[in-house]
Amino acid sequence: MKILTNELGKPSSDQQIADIATNILTEVMQFRRMIDTEKKCDSATCSDCHKPHIEKVIAAIMQEKKIRFVLPAFPGKSPNPAKVLGHLPDMAEKQALTFLNNLCKRIQSIYTPGAEVIICSDGRVFSDVVGIAEKHITSYQIEIDRIIKESNLTSLSTFNLDDVYHDCNFEQARSELIGKYGQDLERLKEKVKRGGDVTGSSTPEEREANRLYCGLTRFLVEDSLFPGQTKSKSAIQKECKSKAYLAIIRSNAWTDLIAEKFPEAIRLSIHPQSCGSRKIGIQLLGIETWMTPWHGVAVNTGNNFILMKHREVKELNAQLIKDEKGRPSHYKLISQNQQLTYEL
Ligand SMILES: [Zn+2]
């Protein structure tokens, strides 16, 4: 699609600017993740979905700036070896980063200044809660930057807690973050409780808080059930519920810091969102999957990459592929029949 421009090469009317903004958001919305249980809008052009973001896109176009997106994600690999290949980013992350970069390139084909995604790694924000070693967060962050550089993913950059608080240790940095942006635990608990009320009197924000709490608890329980651990499942579940609240407080504080630091940016999320949400839920591999690269392993089906838990792929007829450094990178399915089954 060509954008009409005047003799200076700029969009020549408010309507044209609004049209470009709509086309940009439509491009992104094609890959949005929506909540299954709620009304789904049938088109990427849904004006209710565009509404919370269109003014930011228009403002960027008026200034001929890149459309900037922020995505809190890529915290660090799950500490559970039943889910992942190791503590460093691998093909799963590479595929997701490449997808995000390609999305920016598609935007550039309809709007010359293009777009950028700032990946705001939240690993350091809650590493102590989710049980990832600080040194593994550090090496994961370094490796993400290396993939971006070496794969020439020029539309991507990273931002993390280490960039904000330079002169203190990680614990102090988290404490500073919570001191400035942290919310009250009891109020959060109340909100989560109201969000789980099935009578329907809850607000979308409360329901989102409840979904986040349930999703995080599930991930934390999964990550705690690694081979060799000795606690009972009920003890783990209780512990993980408390940790989920802590992780949400940290995560919300990080969200507020990001919003303050990048007020012009459009907020992407790895979590599915409702129609008209102020965040855009984004698929990370260009396909709908609830799994994230840091909770799984990339599997080459022959046609594309999908994500699976490590223990699940080990039950298949699949070959482990190593990268140029000799590190485990992903699996490749060998049987054609399996390929058909797992693509569905
Ligand atoms: Zn919608």
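Trainee: Is E64 buried, partly exposed or exposed here?
Mentor: E64 counts as partly exposed, because its relative accessibility is 45%. Keep in mind that this is a predicted model.

Trainee: Okay, and where does E64 sit?
Mentor: E64 is in the loop between helix 2 and strand 1 (67-71). Its phi is near 55°, a positive value in a residue other than glycine.

Trainee: Switching to the metal. Which residues are the protein donors of the zinc ion?
Mentor: C41, C46, C49 and C275, each through SG, lying 2.3 to 2.4 Å from the zinc ion. Along the sequence these donors follow the spacing C-x4-C-x2-C-x225-C.

Trainee: Where are C41 and C275 in the chain?
Mentor: C41 is in the loop between helix 1 (14-29) and helix 2 (47-62), while C275 is in the loop between strand 4 (266-269) and strand 5 (280-281). The pair links distant parts of the chain, 234 residues apart.

Trainee: Why is the arrangement around the zinc ion called tetrahedral?
Mentor: Because the four donor atoms subtend angles of 94 to 119°, and the rule for four donors asks for all angles to lie between 85 and 135 degrees. For reference, the ideal angle for four tetrahedral donors is 109.5 degrees.

Trainee: And are those two cysteines, C41 and C275, buried or partly exposed?
Mentor: C41 is buried, with a relative accessible area of 12%. C275 counts as partly exposed, at 22%.

Trainee: On to rings. How many aromatic pairs are there?
Mentor: The count comes to five aromatic pairs. One of them is F74 with W294: the ring centres are 5.1 Å apart and the planes are at 50°, so the pair is tilted. F74 lies in the loop between strand 1 and helix 3 (91-110) and W294 in the loop between strand 5 and strand 6 (297-300), so the pair ties together parts that are 220 residues apart in sequence. F74 is buried at 1% relative accessible area, and W294 is buried at 4%.

Trainee: What do F159 and W254 form?
Mentor: A stacked aromatic pair, 5.6 Å centre to centre with 5° between the planes. F159 is in strand 3 and W254 in helix 10 (residues 233-261), 95 residues apart. Both are buried, and together with F262 they form one aromatic cluster.

Trainee: Last one: which ring does R124 lie over?
Mentor: R124 lies over the face of F170, at 3.5 Å from the ring centre. Also, the charged end of K189 sits over the ring of Y245, 5.5 Å from its centre.

Conventions:
Residues are numbered from 1 along each chain as its sequence is written. This is a predicted model: local features need pLDDT of at least 70, side-chain atom pairs count only at pLDDT 80 or more; totals for chains, interfaces and linings use all residues. Side-chain values use heavy atoms; hydrogens and water are left out. Donors are N, O and S atoms within 2.8 Å of the metal (3.2 Å for Na, K and Ca); water is not among the atoms, so sites may look incomplete. Four donors count as tetrahedral if all angles lie between 85 and 135 degrees; four count as square planar and six as octahedral if opposite donors are over 155 degrees apart and all others between 65 and 115; anything else is irregular. Helices (H or I, at least four residues) and strands (E, at least two) are DSSP runs, numbered from the N terminus. Buried means under 20% relative accessible area, exposed over 50%, partly exposed in between (1.4 Å probe, protein chains only). Rings of Phe, Tyr and Trp (its six-membered ring) pair if their centres lie within 6.5 Å; planes under 30 degrees apart count as stacked, over 60 as edge-to-face and the rest as tilted. A charge sits over a ring if NZ of Lys or CZ of Arg is within 6 Å of the ring centre and within 35 degrees of the ring normal.
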